[in-house]
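Biologist: I would like to learn how to read a structure, one feature at a time. Could we go through one together?

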Amino acid sequence: MEKTLPQHVNIAMDAALDKKGFNLSLLDVSSLTPICDYFLIVSASSTIQVKAIVDNIEEKLSEIGLTPFRIEGKNAARWVLMDYGDLVVHVFVEEEREFYDLERLWRAAENYRHDVVDKV
């Protein structure tokens, strides 16, 4: 399945990959919740890498004029949530991601892996 996404979603995915984020999942939750349209879920090997991914996403999205409404968890950096309104980014240390398993909780959402998403 191919889907064309908004520019800022692609930028966030690329920024995560630039810092070696892995196992990217993009969940389209627009039909399930009014909170946002997309969850971007990214894994990292360490808290240092989580911070690097979060910082890079924040920097790249600020270049197009977007700032997060809120960032949670950055100090501990085991699970960082970045709220951009229609896009919520979750960056996890791999063990935390496995524990919370957001893909299971939101299994009714359409799940787009990064490599099957068309860029705008």
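Predicted model: local features only at pLDDT ≥ 70, side-chain atom pairs only at ≥ 80, totals over all residues.

Biologist: Let us start with helices. At roughly what angle do the axes of α1 and α2 cross?

Modeller: Two packed helices are described by two things, the angle between their axes and the distance between those axes. Here helix α1 covers residues 7–18 and helix α2 covers residues 47–62. Their axes cross at roughly 145 degrees and come within 8 Å. The crossing of α1 and α2 is right-handed.

Biologist: Which residues of α1 and α2 make the contact?

Modeller: From α1 come His8, Ile11, Ala12, Ala15, Ala16 and Asp18. From α2 come Ile53, Asn56, Ile57, Lys60 and Leu61. Sorted by kind, the residues of this contact are seven nonpolar, two polar and two charged.

Biologist: Now a strand. Which residues of β2 point one way, and which the other way?

Modeller: In a regular strand the side chains alternate between the two faces of the sheet. In β2, Tyr38, Leu40, Val42 and Ala44 point one way, while Phe39, Ile41 and Ser43 point the other way.

Biologist: Is strand β2 mostly covered or mostly open?

Modeller: Strand β2, residues 38–44, is mostly covered, with seven of its seven residues buried. The residues pointing either way from β2 are buried.

Biologist: In what sense does β2 pair with β1, and how does β2 run with β5?

Modeller: With β1, residues 22–28, the pairing is antiparallel and has five bridges. One example is Leu27, whose bridge partner in β2 is Phe39. With β5, residues 87–93, strand β2 runs parallel, and seven bridges join the two. There Ser43 stands opposite Phe92 in β5.

Biologist: I would like a leucine in a loop to set beside it. Where is Leu66 found?

Modeller: Leu66 is in the loop between α2 and β3. Its relative accessible area is 29%, so Leu66 is partly exposed. Leaving aside neighbours within four places in sequence, Leu66 is in contact with His8, Leu61 and Tyr84. Leu66 and Met13 are 53 residues apart in sequence, and the distance from C-alpha to C-alpha is 15 Å.

Biologist: Next, charged pairs. How many salt bridges does a search of the whole structure find?

Modeller: The search finds six salt bridges. One of them is between Lys74 and Glu58, with the closest N and O atoms 3.5 Å apart. This pair links distant parts of the chain: Lys74 is in the loop between β3 and β4, Glu58 is in helix α2, and they are 16 residues apart. Lys74 counts as partly exposed at 28% relative accessibility, and Glu58 counts as partly exposed at 26%. Asp55, Glu58 and Lys74 are linked in a network of salt bridges.

Biologist: Are Arg97 and Glu103 buried or exposed?

Modeller: Arg97 is buried, and so is Glu103. Their side chains meet in a salt bridge, at 2.3 Å from N to O. Another salt bridge joins Arg104 to Asp101, with the closest N and O atoms 3.5 Å apart. Arg104 is partly exposed at 44% relative accessibility, and Asp101 is partly exposed at 25%.

Biologist: Last, the backbone. What is the phi of Lys20, and what is the phi of Ala77?

Modeller: Phi of Lys20 is near 65 degrees, a positive value in a residue other than glycine. Ala77 is not a glycine either, and has a positive phi of about 60 degrees. Lys20 lies in the loop between α1 and β1, and Ala77 lies in the loop between β3 and β4. Lys20 is exposed, with a relative accessible area of 61%, whereas Ala77 is buried, with 0%.

Technical notes: Residues numbered from 1 in each chain as written. Heavy atoms only, no water. Axes fitted to C-alpha atoms, helices over the stretch in contact; angles between N-to-C directions. Helix = DSSP H or I, 4+ residues; strand = E, 2+ residues; numbered from the N terminus. Left-handed = near helix turned anticlockwise from the far one by under 90°. Contact = heavy atoms within 4.5 Å. Nonpolar A, V, L, I, M, F, W, Y, C, P; charged D, E, K, R; others polar. Buried < 20%, exposed > 50% of the residue type's maximum accessible area, 1.4 Å probe, protein only. Pairing = 2+ DSSP bridges. Salt bridge = Lys/Arg side-chain N within 4 Å of Asp/Glu carboxyl O.
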